[in-house]
Amino acid sequence: MTLTLESVSKRVEGQTHIHRTDLTLQNGTMNVLLGPTLSGKTTLMRLMAGLDAPTTGRILWNGEDVTGVRVQDRKVAMVYQQFINYPSMTVYENIASPMRISGKSKDEIDAAVRKSAEMMKLTPLLDRKPLELSGGQQQRCALARALVKDAGLVLLDEPLANLDYKLREELRAEIPKIFEEAGSIFVYATTEPEEALLLGGHVATLWEGRVTQFDETPQVYRHPVDATTARVFSDPPMNFLPFEKRGAVLHLDGGREVPAAGALGGLRDGRYQGGFRPNHMELERRHEGDITFETRLAVTEITGSETFVHLDHHGTRWVGLIHGVRNLRPGQALTAYLDPAHVYVFAEDGPLVAPASYVEAA
Amino acid sequence: MSDATTSAPGAASIPGDVSAAEPRARSRRRFRPNGSMIVMALYLLFLMLPIYWLLNMSLKTNAEILSGFSLWPRNLTLANYEKILTDPSWYMGYVNSIIYVTMNTVISISVALPAAYAFSRYSFMGDKHLFFWLLTNRMAPPAVFALPFFQLYSSVGLFDTHIAVALAHTLFNVPLAVWILEGFMRGVPREIDETAYIDGYSFPKFFVKIFMPLIASGIGVAAFFCFMFSWVELLLSRTLTSVDAKPIAATMTRTVSASGLDWGVLAAAGVLTILPGALVIWFVRNYIAKGFALGRV
């Protein structure tokens with residue numbers, strides 16, 4: 001089974017929500033749509049489901065054109081960010097409803113409902129109404145309904161976004177396991193890069209209605225095709241540092257000159273954007289060749305075992321993720337250290353020129 | 001009331017017993033009328049006075065009604081009620097009213113449900129204007145429509161039928177029902193519709209099995225308003241009927257006959273006319289409270 005989007009686009013009232021997109025999703029894979037809010041994740045999902053019709057292009061299911069087919073006649077299931085169940089039915093009825101409609105026998109329905117309820121730990125709650133359940137239980141009910149349908153395409157639109165932290169972690173670990181057994185195509189929308197990495201499979205990064213890259217998740221993380229993808233696939237966002245290479249010297253903003261070390265030495269002369277992830281910024285010297293930056297601390301956020309430092313560097317805001325709790329005062333001067341091996345090099349207009357050399361070594 | 005507490009024999013005279021003094025003080029405080037009680041009492045008095053007077057009259061004889069002022073019936077009689085419940089020209093008024101009110105409520109709700117769904121879910125050309133213009137019919141007094149309706153129904157042979165009155169009342173009730181139901185439907189997330197379609201429900205099945213139970217209280221509120229309007233509306237129902245479909249309100253107002261005014265029977269008819277409305281309010285009172293909170297009303 002495959003789902004293919006052929007130059008699909010969506011325009012609403014003159015505004016382009018999805019630019020021309022080509023995408024092929026394979027059977028039994030987890031596909032994560034990663035992008036910030038309003039990047040078009042939900043729109044793309046609705047196109048895949050058949051809830052909306054694309055403005056241009058075709059949607060193929062196993063090579064068969066299903067562009068105009070009603071959503072009732074497609075084998076899809078969907079779980080929304082809000083907990084959507086039928087409030088007037090019990091949990092049992094909710095889970096059974098897609099099977100009831102397709103005219104399965106009573107025993108078959110009962111067996112399937114009990115099995116998926118067991119998986120979602122809903123067995124003691126089958127006789128309750130959805131609104132009497134907690135948020136996590138309501139969402140599990142919606143997930144169970146999506147599971148029981150045995151759909152070829154399962155769409156999960158930020159299913160964990162409205163849950164509390166603990167439940168989210170628990171369900172996030174369960175979801176890939178559960179859906180692996182089912183063997184359908186899974187599409188999972190999220191705003192969090194961390195979630196995409198945990199779920200594995202493939203990831204499509206979205207930015208302003210464009211799929212910027214679609215590949216296996218580690219590949220996208222290590223080799224982002226352009227600065228936009230790198231920015232989307234990093235939380236907090238990737239830091240950028242414009243520089244110009246002339247000979248063996250990198251000219252930074254503010255007139256600083258740094259010798260071009262390692263992979264940076266192999267670049268052709270010209271202007272570039274260097275990009276590095278927040279966790280690669282250090283406040284102590286780790287390596288001999290580290291580049292130093294004189295910065296001023298704007299804000300710190302302590303998240304238990306880690307500290308986010310927001311630094312001002314010649315008018316640019318950088319974020320660093322530092323291990324341990326640091327006692328720092330806003331406004332104080334700080335020296336930041338960066339290993340040149342952690343620097344991705346992008347052309348000024350975006351495309352990747354050279355990945356960070358630590359990636360090549362790994 | 002304060003007499004009752006002080007009359008406990010010897011309670012205050014037991015030496016050293018201080019416990020008696022305290023409840024007395026508390027009870028005096030409890031029965032001291034405060035501002036809100038007075039307001040409430042006055043409110044109820046003004047509200048209930050005409051209804052009480054109607055009930056009072058209906059249980060008197062004509063002679064007593066005309067003889068002078070009495071706060072309650074001296075010679076209690078049920079003859080007035082007996083007359084209404086045995087004379088077909090009286091009780092058929094109720095039957096006619098109930099028939100056309102029921103017809104009207106059923107028609108209004110079944111027409112308003114799909115209309116309200118369209119307004120709440122789809123955007124189409126002129127939807128906002130149309131939604132507002134729905135209400136403009138309610139801005140015109142029914143008297144305006146009496147003449148065209150009379151002529152139209154006479155010429156197509158609908159005059160003096162139940163359906164004529166029911167249809168005439170839909171002119172006012174359908175917009176109101178659409179307005180009320182749309183508010184309730186907007187409260188149901190669109191995702192529920194989509195989930196149902198994804199599950200495989202066809203539209204009619206989804207609407208009846210999933211959507212209508214969700215807005216049941218809205219349907220109750222809308223039906224209540226349709227019922228009440230149609231039940232109390234006099235002008236159109238009187239204009240469009242003569243004998244076969246004559247409503248009770250018309251019967252009541254035409255009883256000023258040659259033999260004078262039959263006060264007692266009229267009052268009894270009035271009491272019986274209030275009853276269905278009171279019953280309906282009693283049954284939907286919880287929904288109404290919910291309706292006022294949730295929906296647009």
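What percentage of the 362 residues in chain A is buried? In this predicted model, buried residues account for 40% of the chain. The secondary structure of chain A consists of 9 helices and 21 strands. Along the principal axes, the C-alpha atoms of chain A fill a box of roughly 75 × 45 × 40 Å. Of the contacts in chain A that link residues at least 6 apart in sequence, 65% are between residues at least 24 apart.

Chain A is divided into two parts, domain 1 (2-226) and domain 2 (236-361). A distance of 37 Å separates the C-alpha centres of domain 1 and domain 2 of chain A. Domain 1 of chain A contributes 5 residues to the contact with domain 2 of chain A, which contributes 6 residues. On the domain 1 side, these residues comprise 2 nonpolar, 1 polar and 2 charged. An unreviewed UniProt entry places the feature "domain: ABC transporter" at residues 3-233 of chain A. The span 3-233 of chain A is 37% helix and 27% strand, and its end C-alpha atoms lie 24 Å apart.

Strand pairing was examined around strand β11 (residues 239-246) of chain A. β11(A) pairs in the antiparallel sense with strand β14 (residues 270-276) of chain A, over 7 bridges. Within this pairing, A:Lys245 has A:Gly270 of β14(A) as its bridge partner. β11(A) also pairs with strand β12 (residues 249-252) of chain A, again in the antiparallel sense, over 4 bridges. Here A:Phe243 stands opposite A:Leu252 of β12(A). The hairpin formed by β11(A) and β12(A) has 2 residues between the strands, and A:Gly247 in this hairpin takes a positive phi near 65°.

The contact between chain A and chain B takes 17 residues from chain A and 14 residues from chain B. On the side of chain A that touches chain B, the elements giving two or more residues are β6 (76-79) and α2 (91-101) of chain A. By class, this side of chain A has 12 nonpolar residues, 5 polar residues and no charged residues.

For chain B, the unreviewed UniProt entry lists "transmembrane region" at residues 34-55, 98-119, 131-150, 162-185, 206-232 and 263-284. Two of these spans were considered in the model. Residues 98-119 of chain B are 100% helix and 0% strand, with the end C-alpha atoms 31 Å apart. Residues 162-185 of chain B are likewise 100% helix and 0% strand, and their end C-alpha atoms lie 31 Å apart.

The largest nonpolar core has 135 residues, of which A:Leu155, A:Val187, B:Leu181 and B:Ala222 touch the most other members. Helix α9 (residues 162-186) of chain B gives the most to this core, with 14 residues. A second, separate core of 11 residues includes B:Met57, B:Ile84, B:Ala250 and B:Val265. Leaving aside residues up to four places away in sequence, A:Val187 touches A:Leu25, A:Asn31, A:Leu33, A:Met45, A:Met48, A:Leu155 and A:Leu156.

How values were computed: Residues numbered from 1 in each chain as written. Chains lettered and ligands numbered in written order. Predicted model: local features only at pLDDT ≥ 70, side-chain atom pairs only at ≥ 80, totals over all residues. Core = buried A, V, L, I, M, F, W, Y, C linked by C-beta atoms within 7 Å. Buried ≥ 20, exposed ≤ 12 C-beta atoms within 10 Å, placed from the backbone. Contact = placed C-beta atoms within 7 Å. Pairing = 2+ DSSP bridges. Nonpolar A, V, L, I, M, F, W, Y, C, P; charged D, E, K, R; others polar. Domains from an automatic or database assignment. UniProt positions renumbered as here; feature names shortened; annotations may be inferred.
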